[in-house]
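My entries follow in the order in which I made them.

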Amino acid sequence: MQTDLSVINVTKTFKDFTAVESVSFDVEKGRFFSILGPSGCGKTTLLRMISGFFEPTSGVIEINGKNMAGIPPNKRPVNLIFQNLALFPMMNVGQNIAFGLERKKEKRVVIRRKTAEILERVGLPGFEKKKVDQLSGGQRQRVAIARSLILEPAVLLLDEPLGALDLKLREQMKIELKTLQTQVGTTFVYITHDQSEALVMSDHVAVMNKGRFEQVDTPRNLYSKPLTPFVARFVGENNQWPARMTGINTIDGGKQASITTSEGLAFKAVMKAGIDPGEAVDLFLRPESIVLEPDPSIKTLNRFSIRVQSILFDGANSRLLALLPESGREIQISLPQTRQFDHIQPGSKVEAGWAPESGILFPAKPVTP
Amino acid sequence: MNKGMRWGLLIFILPVLVWLLLLIVLPQVDMAVMAIRADNEWGEKGFSLANFRVFFSEPIYWRTFARTAVFSVLVTFLTFLITMPVAFYITKVVSSRFQGFLTVLTLLPFWVSELVRVYGWMILLRESGVINHFLIKSGILNKPVELLYNDATMVMGLVYTSMLFMLVPLLSVLENLDNNLIEAAYDLGGNVWSITTKIIIPYCLPGIVSGSIVVFMLTLGNYLTPNLMGGKNGLWFTEQIYNQFIASFNWNQGSAFGFLLLILSSAIIWIGLKLTHQSLGKVVQ
């Protein structure tokens, strides 16, 4: 597979602030690559370095195997979709799209044909004469993408283009964007702080925090096998539960850790290398991996009892906000809307359980960042 | 609209209407009447187009008229050329901490009256002035040169006087120009020239046109600067009007000239608006 974009050990510092710190990754041709991180994590700085608006302090950015050092944005084979799309308000749709080709001194006939073609491809045929302010949010989005795609960039960079849209349209555009990317086959590098956007659309996601990449993986692996506590907290919902490891036992050839939570509950969890008995750990448990009223016959399950504080109804995403009677710790538990748990009301005492495989242990940090 | 609101509107709009009527409409009507009246053979006032005939038959009048028009357009254009980079620098290049400071710095000279500013220039530029003094002291010149009383100096003075009125509308349109538009154009392959001509100037056009209208009007109607800095050769049409009213005491002729100037300014602004595809209503917003 050909590599379209290589970022090798790139660092960017502004005076005494390090925005991006030794980041490396490769994006293969035709992939949808996302960089996911909270605001201020350095993802926009990274994107601006790839597009050429910033020069890295150190490190190399290669596009199609060519070092991009010193090449300004107007000479790079990448294009950037801005967060607010930055469509030129004084031009109509056709003029907006033709802007890039006109700068390349392309023939008028060619420009007109290519503009019509690209508008067809993004599903807006015949929109050339429309004014930018006549378009809906989704249409503006497609015009912005068409304006960049017409230049046939090696990589299309997208800076949270869905951020300004309302929820319904955002859900729709997520799917549309992914479909469009598959159709045109251009490599997309997409940055966002919205984990659902990254997980739904991407082939690979890099989770970024404080200028560093925490993990680069497929969306599924990020969710099920987070490598750092930050990824466990940031991708999807997670209950964080401080505990202490008390021992290691071998079961069916695998190693299992015995842990005791700060409330004194004893659990079993999958062992993780690098933790010794006696050390403080953090247990991460997803809301959906906690089972309500588990079958008493399942022996391996970790069991504990909770008191329901409130029910956060959100359709298929409904949750129980439960308290541990021992310590008052809050725990979120998925509440399947199968009518099976309709009897659960705020104040009820409920048994809960989780399988040892679904809990993830990390060494506890004295101060969590 | 209910009755109370209508009365309220009337009360608020009345001073404006009275002001417009007394100070603009009535004098204009009076001027118009005066312009089309002249002495007949018996020395009696009557309807006549003689005042306008004088304008076209005397070359000095229509040449001054044309000269004033051409120089006013030139001054407007030069003011734009000089002010645009300044406005761009203040709004887009400099850090926001210095924006206010720089804006005040450019506005500061305009707290002084135009007369004082023009005399300031004269002290600098005249034969025995500051600049000549230093040029001779440093040995670049051995004999003072008169820098005043030529067209170049007059144009410079007019541009200097007009800059503020171009700067303010340009600052406000550039302030609204999203930096991402410039970056997007750069990203799509634009260079400095194409970004300036295809993105920045088209975006700023309403501000440019409104600034240009003000500068053009003020320059066309300026009396002080052309008179003091342009000298005897640098005639300005306002001087002709002044001469008719004050020196020749020929109010009818002066009124005709005044009317011609009004027609000229309206015509040039109309052409300017048509050329830039702007409407007056949009520009004065």
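**Entry 1: the strand E3(A)**

I looked at both faces of E3(A) and found them covered, with Phe32(A), Ser34(A) and Leu36(A) buried on one side and Phe33(A) and Ile35(A) buried on the other. I count a residue as buried if 20 or more other C-beta atoms, placed from the backbone, lie within 10 Å of its own. Strand E3 of chain A spans residues 32-36, and five of its five residues are buried. I take strands (E, at least two residues) and helices (H or I, at least four) as DSSP runs, numbered from the N terminus.

I note that this is a predicted model, in which local features need pLDDT of at least 70 and side-chain atom pairs count only at pLDDT 80 or more, while totals for chains, interfaces and linings use all residues. Residues are numbered from 1 along each chain as its sequence is written, and chains are lettered from A and ligands numbered from 1 in the order in which they are written.

**Entry 2: its neighbours**

I then looked up the pairing of E3(A), where two strands pair if DSSP finds at least two bridges between them. Five bridges join E3(A) to the parallel strand E8 (residues 187-192) of chain A, and Phe32(A) stands opposite Phe188(A) there. Four bridges join E3(A) to strand E9 (residues 204-209) of chain A, also running parallel, with Val205(A) as the bridge partner of Ser34(A).

**Entry 3: the chain contact**

I found 17 residues of chain A and 16 residues of chain B in the contact, which I define by C-beta atoms, placed from the backbone, within 7 Å. On the chain B side, helix H8 (179-187) and helix H9 (192-220) each give two or more residues, and H8(B) gives the largest share, seven residues.

How values were computed:
Contact = placed C-beta atoms within 7 Å. Buried ≥ 20, exposed ≤ 12 C-beta atoms within 10 Å, placed from the backbone.
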